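Biologist: Before we discuss any labels, please put the model on the screen. I will then ask what each label rests on.

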Amino acid sequence: LWQAASRLGWLSSRVLPAPGDVVLAAWALTASGELWAHVQVSAGRALTGLAIGGGLGLLLGLLTGSVRLAETLLDTSIQMVRNIADQVFIPFTVGGGIRTLEDIRAMLESGADKVSINTAGVENPQFIEDAAHKFGSQCIVVAIDAKRTSPGRYQVHTYGGSGGGKPVELDAVEWAVRCVELGAGELLVTGMDKDGTQDGYDIALTRAIADSVRVPVIASGGAG
């Protein structure tokens, strides 16, 4: 039927050649030695397509899993904040993993009075300004983790919960001033050299920042 339909012109030879033509073409390629080359090219294309498809599928799976994990962690944090708000009747601030305006909204609606931003603000200072504009400066605390690099000089660190943090090219005092300009209503300053020592706060760091800004500054690290 295929052969007859092709001969009668019902099927385009460009789209679906007649079986006889296919056999003749294959025989000619075999006789000339080109058939194996065509097979190799076709197999290579098939394997390339398979590899690309598999890679994209794996990537999509990882992204989907990451999104679900992030949603699960956020849901857990929201429930924790709700439980705290149900039990205590004092203002409290939530920090850690705050990276989007939606994260802030969820925490405030769950009962937190303020949110604390650290790494996300360093990586994207506009986030601080956007957050202050949307929710008000009174809700936005910027946490600054800093280590002494020389007398009177302190370097900002991010990812403070991961192995001592990651140093970035920011002076702590200059960054504090910038954060307030962006809209931060409060600063939480942790002297990383003193943190956990129970040997007293880093007074020099705290004083340097407090003297440079006009918002409340909370000292952290070294109480004992």
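**Labels and their cut-offs**

Modeller: Val 88 is partly exposed, with a relative accessible area of 32%. This is a predicted model, in which local features need pLDDT of at least 70 and side-chain atom pairs count only at pLDDT 80 or more, while totals for chains, interfaces and linings use all residues. Residues are numbered from 1 along each chain as its sequence is written, and side-chain values use heavy atoms, with hydrogens and water left out.

Biologist: Why is Val 88 called partly exposed?

Modeller: Buried means under 20% relative accessible area, exposed means over 50%, and partly exposed is in between (1.4 Å probe, protein chains only). Val 88 has 32%, so the label is partly exposed. Its place is in the loop between helix 3 (35-87) and strand 1 (93-95); helices (H or I, at least four residues) and strands (E, at least two) are DSSP runs, numbered from the N terminus.

Biologist: What makes Met 80, Ile 84, Val 88 and Ile 90 a nonpolar patch?

Modeller: A patch takes residues with over 30% relative accessible area and no salt bridge; nonpolar side chains (Val, Leu, Ile, Met, Phe, Trp, Tyr) are joined within 5 Å, like charges within 9 Å. Val 88, at 32%, is over the 30% limit. Together the four have about 340 Å² of accessible area, by the Shrake-Rupley method with a 1.4 Å probe, where for residues only the protein chains shown count as cover.

Biologist: How do you know that Glu 123 and Arg 99 form a salt bridge?

Modeller: The term requires a side-chain nitrogen of Lys or Arg within 4 Å of a carboxyl oxygen of Asp or Glu. Here the closest N and O atoms are 2.6 Å apart, so the pair qualifies. Glu 123 lies in helix 5 (residues 119-123) and Arg 99 in the loop between strand 1 and helix 4 (101-109), so the bridge ties together parts that are 24 residues apart in sequence. Both partners are partly exposed, Glu 123 at 45% and Arg 99 at 40%.

Biologist: What links Lys 114 with Glu 186?

Modeller: A salt bridge, with the closest N and O atoms 2.7 Å apart. Lys 114 is in strand 2 (residues 114-117) and Glu 186 in strand 6, 72 residues apart. Lys 114 has 23% relative accessible area and is partly exposed, whereas Glu 186 has 12% and is buried.

Biologist: Why does the pair Asp 199 and Lys 194 count as a salt bridge?

Modeller: The N to O distance is 3.9 Å, and the limit is 4 Å, so the pair is included. Asp 199 is exposed at 58%, and Lys 194 is partly exposed at 24%. The structure holds seven salt bridges.

Biologist: What makes the largest nonpolar core a core?

Modeller: Such a core is a set of buried Ala, Val, Leu, Ile, Met, Phe, Trp, Tyr and Cys residues joined through side-chain atoms within 4.5 Å. The largest has 21 residues, and Trp 175 and Ile 209 are among those with the most contacts inside it. Helix 7 gives the most to this core, with six residues. A second, separate core of 19 residues includes Phe 127 and Cys 139.

Biologist: Why is Cys 139 called buried?

Modeller: Its relative accessible area is 9%, and the limit is under 20%, so Cys 139 is buried. Cys 179, at 0%, is buried too.

Biologist: How many disulfides does the whole structure have?

Modeller: Zero, where a disulfide is a pair of cysteine sulfur atoms within 2.5 Å.
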